[in-house]
Amino acid sequence: MPPIIEIDHLSKQYAGGTKALDDVSLTIEQGEILALLGPNGAGKTTLISIICGLVVPTGGTVRVDGHDIRTDWRAARRLIGLVPQEIALEPFETVANAVRFTRGLYGEAPDEGYIEQVLRSLALWDKRDAPTRALSGGMKRRVLIAKALSHRPKVLFLDEPTAGVDVHLRREMWAVVSELRASGVTIILTTHYLEEAEEMADRIGVIDKGRLLLVRPKAELMGEFGRKHLTVELDPPLSALPEGWAEDDITLSDDGRSLGYAYDARAERTGIGRLLADLNARGIGIRDVATKQSSLEEVFMSLLESSAGERR
């Protein structure tokens, strides 16, 4: 199955000289969820805006299901739904009419059955006759998604979809996105919530200063860049580390009650067995042992630090 989106050497430089995108190439597969991570000003929104036809690129090409966004823009645009960062709704229009209006903009014939299906899937059916100004922030974001889905797009862009949404509604939105992917919609999201990408994405792309640093399957990325941390609770506590242990990435807590050991879980020998055997040989009691995987946030920060080092 060919990719749903093909991005080839895409660049964007503004008149003032700012380079928002720098030779970005990327393919996005049908039915996947791709999360784009990056700090403010990294180029995430510019990339989405170009694909959606809102910004003209300086160079490169983009094809959506084989349609070039510049030479065959009408066909490409009909395949795309966009949920922007900003909540921009007609304040005096009802929820249902707002969705109907967007569907009409794409030249689609009225379809009340489909409108009802979309509103029900987003828990908006009971609010269908409510003016959008009366909705909560979370409900307004759901309306934006309903409008983006009004013309049955194959690709849905979510630009910071849960910004300003509380934790409960954020998790509800995650469930909605998972259901959309299950229905066959390809989803590309940008987010500042790293746990959001960790929860939902199949692949993760990291972009910084207009450059796409990498795109990897989430599990592969965590495995390649993530490290594990072993914590050993001691009884009784130690007053100091035995000689030579600090060289093995072993640390002692301030109260002396636990040892910390960072290791690569993919290595043939992690060093855990040797550490535990050494503790036993020294007669140091062990109360408990726990391991923790590096979070996506730690992986993300290490990638940005590496990228900054390469540019120096």
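A: Happy to! Let's begin with helix 3 and helix 5, whose crossing is right-handed in this predicted model. Their axes lie 8 Å apart, and the two helices pack at an angle of about 30 degrees. On the helix 3 side, the contact is made by Val95, Ala98, Val99 and Thr102, while helix 5 brings Val143, Ala146 and Lys147 to meet them. Sorted by class, that contact holds five nonpolar residues, one polar and one charged.

Now for the pocket. Helix 3 (95–105) and helix 5 (137–148) each supply at least two residues to the lining of the second largest pocket, as does strand 6 (80–83). This pocket holds about 260 Å³ of space. Its lining has 14 residues, and those nearest the centre are Arg77, Leu82, Pro84, Thr102 and Lys147.

For context, the largest pocket has about 360 Å³ of space. Its lining counts 19 residues, with Tyr114, Leu149, Leu180, Ser183 and Val185 closest to the centre. There, helix 4 (112–121) and helix 6 (167–182) are the elements giving two or more residues, and helix 4 provides the largest share, four residues. By class, the lining of the largest pocket comprises nine nonpolar, seven polar and three charged residues.

Methods
Residues numbered from 1 in each chain as written. Predicted model: local features only at pLDDT ≥ 70, side-chain atom pairs only at ≥ 80, totals over all residues. Heavy atoms only, no water. 1 Å grid on protein atoms, 1.4 Å probe; cavity = no way out; pocket = protein on both sides within 12 Å on 5 of 7 lines; lining within 4 Å. Points joined across faces, edges and corners; volume = space filled by probe spheres on them. Nonpolar A, V, L, I, M, F, W, Y, C, P; charged D, E, K, R; others polar. Axes fitted to C-alpha atoms, helices over the stretch in contact; angles between N-to-C directions. Left-handed = near helix turned anticlockwise from the far one by under 90°. Contact = heavy atoms within 4.5 Å.
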